[in-house]
Amino acid sequence: MKLPTKLIHSGIRPDPVTGAIVPPLYQTATYVLEEVGRDKGFDYTRSSNPTRQVLEENLAAVEGGEGEAFGVCYASGMSAVDGCMKLLSAGDHVVCSDDVYGGVSRHFDRVLARYGLEFSYVDTSEPQKVAAAVRPNTKMIWVETPTNPLLKITDLGAVAKIAKDAGVYFGVDSTFATPVFLRPLEWGADLVMHSTTKYLSGHNQLIGGAVVTNRREIYDELKFIQKTIGAVPGPFDCWLALLGMKTLHLRMRCHAESAQKIAEFLHRHAKVARVIYPGLPSHPQHETARRQMSGFSGMISFELKGGIEAGAALMNGVKLCGLAESLGAVESMITHPATMTHADVPAAERRARGLSDGLVRLSVGIEDVDDILADLAAALDRVK
Ligand SMILES: Cc1ncc(COP(=O)(O)O)c(C=O)c1O
């Protein structure tokens, strides 16, 4: 089956009672047993829920390619990251991309470090730096590609080899790419993680997360941790995410086509100092992105010549694009990473990572691209 067909049909069967084509929303906490020791496959929604199970099967089919894969859904992208880290024990070390979403490094450095996990941040777009950072106690390599917000691309095949040689887990946060453009399991990852809050659900209606693995023993452990900790999504959020999945391929095509046009417009604009978009030949890992991804997705980061004042004037000046934290939805959203998504990354560390205060991040929506371009052009005209 091709991907669009999988997105619409995988995991979904007509309801056996009514024939409903849309999986029913099982908004229930518990299930009545037929007799002691005999249930119908469900006992308590923290452990499993039929609506969540459909979403998990759908995600597994979509991310897993031809092979067997298993999905686990979470209450948020952050709890999905946390679920992966709970595969580890005190004293274990993680090599992590240096430009991860600020909430991820905050979780690693300010929460998990207190429980004895160790983290090293390296530019994973240079695989030799990943290899050099592996220590005897390393148990996981954690890569975000493209990264948030500098859109760095990691060569997943090269890093998978390093992980395999070292005998460590290889996890990929693929939130920005989506399975429409990149399937990390096919490049050798053990775990692929999504904030389903973003493109997968796509309509700014829910907070959710997911992990897909092609290794049964990892899945069993993740399920055990999930049911023990209970960071599970509500059934209604799973139901909404499933609706989002059905149109993912159409939305992603539109996000990417519009982002390419907008990146080229910004690249030509006299007031713009630099544009970061994996689809531009000027992107340092453009060739890796072309080889590894089937599209460049909908995120653009850029900097204006007027620095932070000009960036702020632009972000305050747009009318169609919403000044908002999130990304990956039908609405275009513009963000100031230094004060919004990455505010908790200390200023010195932000600078060391190359994340300047003047950086603007744009999540290109699926409005008519001419309207988004007109909004940006008008706001740029007003920038001094
Ligand atoms: C790349 C990436 N990973 C993880 C997360 C966390 O996801 P959530 O906000 O659903 O917890 C985000 C949120 O912005 C993100 O951008």
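1. Let me start with Val211. Setting aside residues within four places in sequence, Val211 is in contact with Val72, Ala80, Gly83, Cys84, Leu191, Met193 and Leu222. Please keep in mind throughout that this is a predicted model.

2. Val211 also turns up in the largest nonpolar core, which has 102 residues. Together with Ile141, Val159, Val212 and Ile300, Val211 is among the residues that touch the most other members of this core. Helix α10, residues 248–268, supplies the largest share, seven residues. Both domains take part: domain 1 (3–246) and domain 2 (249–382) each give at least three residues to this core.

3. Now to the domains themselves. The assignment for the protein chain places domain 1 at 3–246 and domain 2 at 249–382. Taken over C-alpha atoms, the domain centres are separated by 26 Å. In the contact between them, domain 1 takes part with 32 residues and domain 2 with 33.

4. Which elements give two or more residues to the side of domain 1 that touches domain 2? They are α1 (3–9), α4 and α7 (178–181). By class, this side of domain 1 has 17 nonpolar, nine polar and six charged residues.

5. The ligand is surrounded by 14 residues, and the closest are Ser76, Gly77, Met78, Ser195 and Thr197. The shell around the ligand divides into eight polar, four nonpolar and two charged residues.

6. Finally, a word on Glu325, which sits in the loop between β10 (322–323) and β11 (333–335). Is Glu325 buried or exposed? Glu325 counts as exposed because 11 C-beta neighbours lie inside 10 Å, and the cut-off for an exposed residue is 12 or fewer. Not counting residues up to four places away in sequence, Glu325 touches Thr335, Met340 and Thr341. As for Gln53, that residue is 272 residues from Glu325 in sequence, and the two are 29 Å apart in space, C-alpha to C-alpha.

Note on methods: Residues numbered from 1 in each chain as written. Predicted model: local features only at pLDDT ≥ 70, side-chain atom pairs only at ≥ 80, totals over all residues. Near = placed C-beta within 6 Å. Nonpolar A, V, L, I, M, F, W, Y, C, P; charged D, E, K, R; others polar. Domains from an automatic or database assignment. Contact = placed C-beta atoms within 7 Å. Helix = DSSP H or I, 4+ residues; strand = E, 2+ residues; numbered from the N terminus. Buried ≥ 20, exposed ≤ 12 C-beta atoms within 10 Å, placed from the backbone. Core = buried A, V, L, I, M, F, W, Y, C linked by C-beta atoms within 7 Å.
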